[in-house]
Amino acid sequence: MEYDDIDKNEMMEQRKLKIQQYLESKEYIPMKRKDICTMLSVPKEDRQYFEQIVNELLEEGKAVETKKGKLMSPKALNMEQGTFLAHSKGFGFVEREQGEDIFIPANQINGAMHKDKVLYRINRKEEYGKRAEGEIVKILKRGNIKIVGTFEQCKGFGFVLPDNKRVTKDIFISKENSMGAVTGHKVVAEITVYGDETKNPEGEIIEILGHINDPGVDILSIIREYDLPVDFPEDVYKQIENLEMEVLQKDREGREDFTGYKTVTIDGEDAKDLDDAISLDILENGNFLLGVHIADVSHYVRENTPLDKEAYKRGTSVYLVDRVIPMLPHKLSNGICSLNPHEDRLALSCIMEINHKAEVVNHRVVKSVIHSDKRMTYTAVREVLEEKTPALLEEYADFVDMLENMNRLRILLAEKRKKRGSVNFDLPESKIILDENGKPIDIKPYERSIATNMIEEFMLICNEIIAEDFFWQEVPFLFRSHEIPDEQKLQKMEDFIRNFGYHLKGSKDDIHPKAIQQMLLKAEGKDEERIITRVVLRSMKQARYTAENGGHFGLAAKYYCHFTSPIRRYPDLQIHRIIKWILDGQMTEKKQKSLNKVMPDVAKQCSMRERTAEDAERATDDLKKAEYMADKIGMEYEGIISSLTSWGIYVELPNTVEGMVPLQSLEDDFYIYDEENMIIYGEHSNKKYMLGQKVNIIVTKVDIELKNIDFVFCEQ
């Protein structure tokens, strides 16, 4: 990001804001452009700028021009902006920045496609548990320019059948725009004409990914669908061409030397980008001296360089089922930035003195040089602490005391978090094992242990301390905010959990995370635990990056940020830069002003890229889960009902695979979906299916391309 440049368009933006505010003011009476010019005393020589500003406001959906040529604010016409999310059955929803999604019937879509930014009007407000309904008024910005799908050849032309079934129309491809693709090819098509209700979109093939059955093409299709950048631009490789792979003497200047501290990294077996290292000493007063040492990536990724621009564009590393798409090239992420064992590395260290009440009584943040003495794994640390495995006790002999002290500190920190009401959502996560051809051969739960929890606790306390420190310094910053859940969603959640005999303490308009935590603790170890945890999660808002401190509801933390993973997350890298500018006395008034200006955009970009990464990761997991179940047709499993809809009952198996029992497959009665009470019941038998219920199913159908798995209930 370029922070010190003065925006050349600042004057135009100020004028645009002035006109927008005028249109939104209570005093404003709808009028035509020339009348507004008169009212605002726009000089004749500025009329062309005025027209440009008005056209921009119209394009951005911040103003509407009526059939009579009068300008009005969207709000005055009961219109809002949002993102259209299409459904494969033809209807859709508008996702709002705040509040529940708006249902859009198929006949009110008006040419909008999935992920289009739209201006919509609410025609019916939410009532009696029914979702609000609306219509699309205008398409502001197209969400899909490129479509990934399967090519189907016809005589003289072809069609691309989109992989994403939310894109409900096939893309027409003329012969001259087909690149020679044949039936069965996975392709990327660029839309050239968007069509309308009666005419299909038209496009041209810009890339042939391979045949649908070729190994790796399935994951590559998802990578293209989510527009994940794989290769780094040439100027990035050129920038790091002569990068030294050892810490230079000049780079050590002005840093504290921690190379004599006993320091370790603890990560998963297959981790290659080691962001964080830990040191721990016991002080004479009995307090813990915890050092959280984070790779100083910002030393190598300087602002506004090709490397920085590409990292900002990516926002995060993406962890797909068969590969990692890194935010930074491997030369940095696995090399000079990674805190590899027995090598000196540059770091930003947060040194915290923590007493036996788990209070951080003192801390400091410094630029440092560290030397990791051992690269440990979660599995080995767990075995040392819990099982006392003789071979590992011998291998880790020099570190056993430190690990024991780390575990003591872990318990204190976890207990303190628990007391203040921090919520732990322990839903099972899966690790999908693939063979050399990318075929799934097993699905295992990720191991959660005292070792993973230990690093988690150390990172949490570090992130909190950093956020609080720099909040009170009143400097531009990036926070990780998690807002209080909507009262309406909380009410729906409580209506559901009441069926299991649970309730939330306190009022819905001032809920405390401790109330949710206590309710989840009551469900711990019981059959319904997983489903209640899932329902609670669905009622929560998504955490996001913000330029203002919003606190973290789920963690019951007043201050929170992401500081500990700058190799794989841009917000952490951005925070490191800010901290170093402050430490080095370079946070000038000018820099602070320019940072304040760009920080909301940085937060928005990082949040958006995080969502895209999560969606892509989920898509590859769903694909491989479907592929794993493809040869299990006819097999019987026990599962729990995880979701209910008007078209089917979703069942989750112990290995985290989810499939659907279509309502039409229940032939013993006519079944009705009661959304308010979250049950499906038989009209005559009154037989009920509800969330969390244990059921036995048989796998009947798997559609790998659609990532769908169908079940039927076993005969009772």
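**Helix packing and strand pairing in the predicted model**

In this predicted model, helix α7 (residues 306-314) buries L307, D308, E310, A311, Y312 and R314. Here buried means under 20% relative accessible area, with exposed being over 50% and partly exposed in between (1.4 Å probe, protein chains only). Helices (H or I, at least four residues) and strands (E, at least two) are DSSP runs, numbered from the N terminus. The cover over the buried residues of α7 includes α5 (234-239), β19 (324-325), α8 (330-336), α16 (570-583) and α17 (589-629), where a contact is heavy atoms within 4.5 Å. Just after α7 comes G315, with a positive phi of about 80 degrees.

A word on the ground rules: residues are numbered from 1 along each chain as its sequence is written, and side-chain values use heavy atoms, leaving out hydrogens and water. As the model is a predicted one, local features need pLDDT of at least 70 and side-chain atom pairs count only at pLDDT 80 or more, while totals for chains, interfaces and linings use all residues.

Now to a helix pair. Two packed helices are described by the angle between their axes and the distance between the axes. For helix α11 (residues 400-420) and helix α12 (residues 450-472), the axes come within 9 Å and cross at roughly 65 degrees. Axes are lines fitted to C-alpha atoms, for helices over the stretch in contact, and angles run from 0 to 180 degrees between N-to-C directions. The crossing of α11 past α12 is left-handed, that is, the near helix is turned anticlockwise from the far one by less than a right angle. On the α11 side, L403, M406, N407, L409, R410, L413, A414, R417 and R420 make the contact, and they meet I450, N453, M454, E457, F458, L460, I461 and E464 of α12. Sorted by type, the contact residues come out as ten nonpolar, two polar and five charged. Ala, Val, Leu, Ile, Met, Phe, Trp, Tyr, Cys and Pro count as nonpolar, Asp, Glu, Lys and Arg as charged, and the others, Gly among them, as polar.

On to the sheets, where two strands pair if DSSP finds at least two bridges between them. Strand β31 (residues 679-682) runs antiparallel to β32, with three bridges between them, and I680 sits opposite Y689 of β32.

Another open sheet of three strands pairs antiparallel in the order β1-β3-β2, with β1 (31-32) and β2 (64-65) at the edges, each pairing on one side only. Two bridges link β1 to strand β3 (residues 70-72), and K32 has K70 of β3 as its bridge partner.

Elsewhere, strand β10 (residues 157-162) and strand β11 (residues 171-174) run antiparallel, joined by four bridges, with V160 partnered by I171 in β11. By contrast, β11 pairs in the parallel sense with strand β13 (residues 202-211) over two bridges, and I173 faces G203 in β13.

Finally, T150 lies in strand β9 (residues 146-153) and counts as buried, at 11% relative accessibility. Leaving aside residues up to four places away in sequence, T150 touches F159, V160, L161, D163, G184, H185, K186, I212 and E705.
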